[in-house]
Amino acid sequence: MFRSISYFLVVVAGSLSLTVQAQDMTGLISKVKAKLDQVNDYEADGRMKTDVAFIKAPVGKVKVYYKKPNKFRLKKDGGISLLPRGGVSVNMNSIIATADFIALAAGEASVGGTKTKVVKLLPANESNDIVLTTMYIDEANLLVRKAVTTTKENGTYEIEMSYGQFSNYGLPDKVVFSFNTKDYKLPKGITLEFDDTEKELTEAEKIRNKKGRVEISYSNYVVNKGVPDSVFK
Amino acid sequence: MWTLIQIELFKIFRRPRTYIAFAAITGLIGIIQFGLKLDGDSYVEFMMRDINSSITVEGKILNGYQVCYIVLQILLVHVPLLIALVAADMISGEANMGTLRLMLTKPISRTRFLLAKFLATVAYTLLLLIWLAVMALFVNMLIFGTDDLFLMKSQYVVLLKENDIFWRYVWAFGFAALAMTTVASLGFLFSLFAENSIGPIVATMSVIIFFTILSTLNIPIFNAIKPFLFTTHMIGWKEFFDIRVNEANEAIVGSIQNPDRILRSAIVLVVHIVGFVTAAIWMFRKKDILS
């Protein structure tokens, strides 16, 4: 009897401690959110590099627009742009703007040499496209260094951010999106390629081909100067 | 020599058959332009269905450069058939009309006579290609505008910047001229062997169709002979639209992935042209002209 009560007390204590930790993380997320909330809108120039094994594309110039609460648009200055399906629009402001979430602590980790708190964000609203976001938050500077987001429609994305001049607004200088890609192959009869120089890929190459990266280096941020809604249409 | 070429060109452009090719190119490109202008989005959607599962392609994909590439991909396989209509008629047509023997009574060497005819055929071929360039490139640039070029190859996709495309088309048309001249020289060679035009025209078309099918079939046993078929090298123009990447997988603007492959194909085609024309001259000089 005494042993059963002891077990019960241990379980209850454990649950209480988890709840306390979860509450702490909600506090941290709120602080990060408050920092990001300083930004009502911004636009920035960007240099976008697409690194996907089956894509040969030059580095392109892009323009990025954001407006509260979750309007985000990436535009290329003319030309064609190749973006991970649905991924680039997943930005920190949009994720944190979700008011209804449960934040759970998941330990600590180092991202690029910076010590971070690992927080699992679960949206309370089931209709949200985001299923789970794991954030690596630099608690000292209230900056999200890395986020791994799993969505219903577009798979899992990893977003890694480095900060510079606009870190006080929580705006990154560089964002690297990593995402999964599917195999790409078209029959040579369709593309009218007659050569037979196709080489068999090694297992390492096959794995590498399944990962894609889009790297955007931002410059010339214009913060809180107003962005017209027409930009997002 | 120039007078001889002028006479031959006059004869070529006096025949209604010559204009079939120009009309066919105009009609075919017109139909493609009409279809893509009206329902181009559906075509692009169909084209992109494979890549869209992981990548979103944003921008004006269906622009003049893209339409030109689609047109060339379709037409440059069939234009040889149109060239055969004229090239394979050059000697056999004269034989059929009974004017060949009469013409050879003039104080002109057989070699010069044949070379004049061949050069006139080349001029016709080049004019046809210039017309193709006007219709496929310039008219499409006017109708659809210009933008980056997004190309889907069998194993990867290529994105070329707008300012890195036009020069590629200039070279591609130059290469296509070499490929079409190869077809013209083959038709020209065949025209020596018959006294009516039908035989050489059909023979030239048959060789092109047969070789093209062999070049297209991706069966290992045929892969060994593909490098020896001139039809395999005729599509070398596409190499101008493949770009090199650096170690960071960034495309290098202004580069070509396999310039050596283009050079090899060009050499193969030139060797074929020289071989066919030399064989034609050699046979014609020995030939007993009875018609």
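**Figure 1. Chain B as a whole.** Chain B holds 12 helices and 3 strands. Its radius of gyration is 21 Å, close to the 19 Å that the globule rule gives for 291 residues, so chain B is as compact as a globular protein of that length. The model shown here and in every other view is predicted. The C-alpha trace of chain B spans about 70 × 40 × 30 Å along its principal axes. Of the 291 residues in chain B, 39% are buried. Among contacts in chain B with a separation of 6 or more, 76% link residues 24 or more positions apart.

**Figure 2. Helix 2 and helix 4 of chain B pack against each other.** Two packed helices are described by the angle between their axes and the distance between the axes. Here, helix 2 of chain B covers residues 16-48, and helix 4 of chain B covers residues 79-87. Their axes lie 8 Å apart, at an angle of about 165°. An angle over 145 degrees counts as roughly antiparallel, and helix 2 and helix 4 of chain B are therefore roughly antiparallel to each other. The crossing of these two helices of chain B is left-handed. Helix 2 of chain B brings Arg17(B), Thr18(B), Ile20(B), Ala21(B) and Ala24(B) to the meeting. Helix 4 of chain B brings Leu82(B), Leu85(B) and Val86(B).

**Figure 3. Lys153(B) in its loop.** Lys153(B) sits in the loop between strand 2 and strand 3 of chain B. Lys153(B) has 20 other C-beta atoms within 10 Å and is therefore buried. Ile108(B) is 45 residues away from Lys153(B) along the chain. The C-alpha atoms of Lys153(B) and Ile108(B) are separated by 51 Å.

**Figure 4. Chain B touches chain A.** In this view, 37 residues of chain B are in contact with 31 residues of chain A. Four elements of chain B give two or more residues each to the side that touches chain A. Three are strands of chain B: strand 1 (55-58), strand 2 (149-152) and strand 3 (157-160). The other is helix 9 (198-216) of chain B. Strand 1 of chain B provides the largest share of this side, with 4 residues.

**Figure 5. The open sheet of chain A.** This sheet has 10 strands, in the order 4-3-1-12-11-10-9-8-7-6, with antiparallel pairing. Strand 4 (71-76) and strand 6 (101-111) of chain A stand at the edges. Each edge strand has a single partner strand, so one side of each is left without a neighbour in the sheet. From one strand to the next, the twist averages 20°.

Figure 6. Strand 3 of chain A spans residues 60-67 and runs antiparallel to strand 4 of chain A. The two strands are joined by 6 bridges. Lys63(A) has Lys75(A), in strand 4 of chain A, as its bridge partner.

**Figure 7. Strand 12 of chain A and its partners.** Strands of a sheet pair through backbone hydrogen bonds, either parallel or antiparallel. Strand 12 (residues 211-223) of chain A pairs with strand 1 (residues 41-52) of chain A in the antiparallel sense, over 10 bridges. Within this pairing, Val223(A) in strand 12 of chain A is the bridge partner of Tyr42(A). Strand 11 (residues 172-180) of chain A also runs antiparallel to strand 12 of chain A, and 7 bridges join the two. Phe179(A) stands opposite Gly212(A), which belongs to strand 12 of chain A.

How values were computed:
Residues numbered from 1 in each chain as written. Chains lettered and ligands numbered in written order. Predicted model: local features only at pLDDT ≥ 70, side-chain atom pairs only at ≥ 80, totals over all residues. Pairing = 2+ DSSP bridges. Axes fitted to C-alpha atoms, helices over the stretch in contact; angles between N-to-C directions. Rg over C-alpha atoms; globule rule 2.2 N^0.38 Å. Buried ≥ 20, exposed ≤ 12 C-beta atoms within 10 Å, placed from the backbone. Contact = placed C-beta atoms within 7 Å. Parallel < 35°, antiparallel > 145°, perpendicular 65-115°, else oblique. Left-handed = near helix turned anticlockwise from the far one by under 90°.
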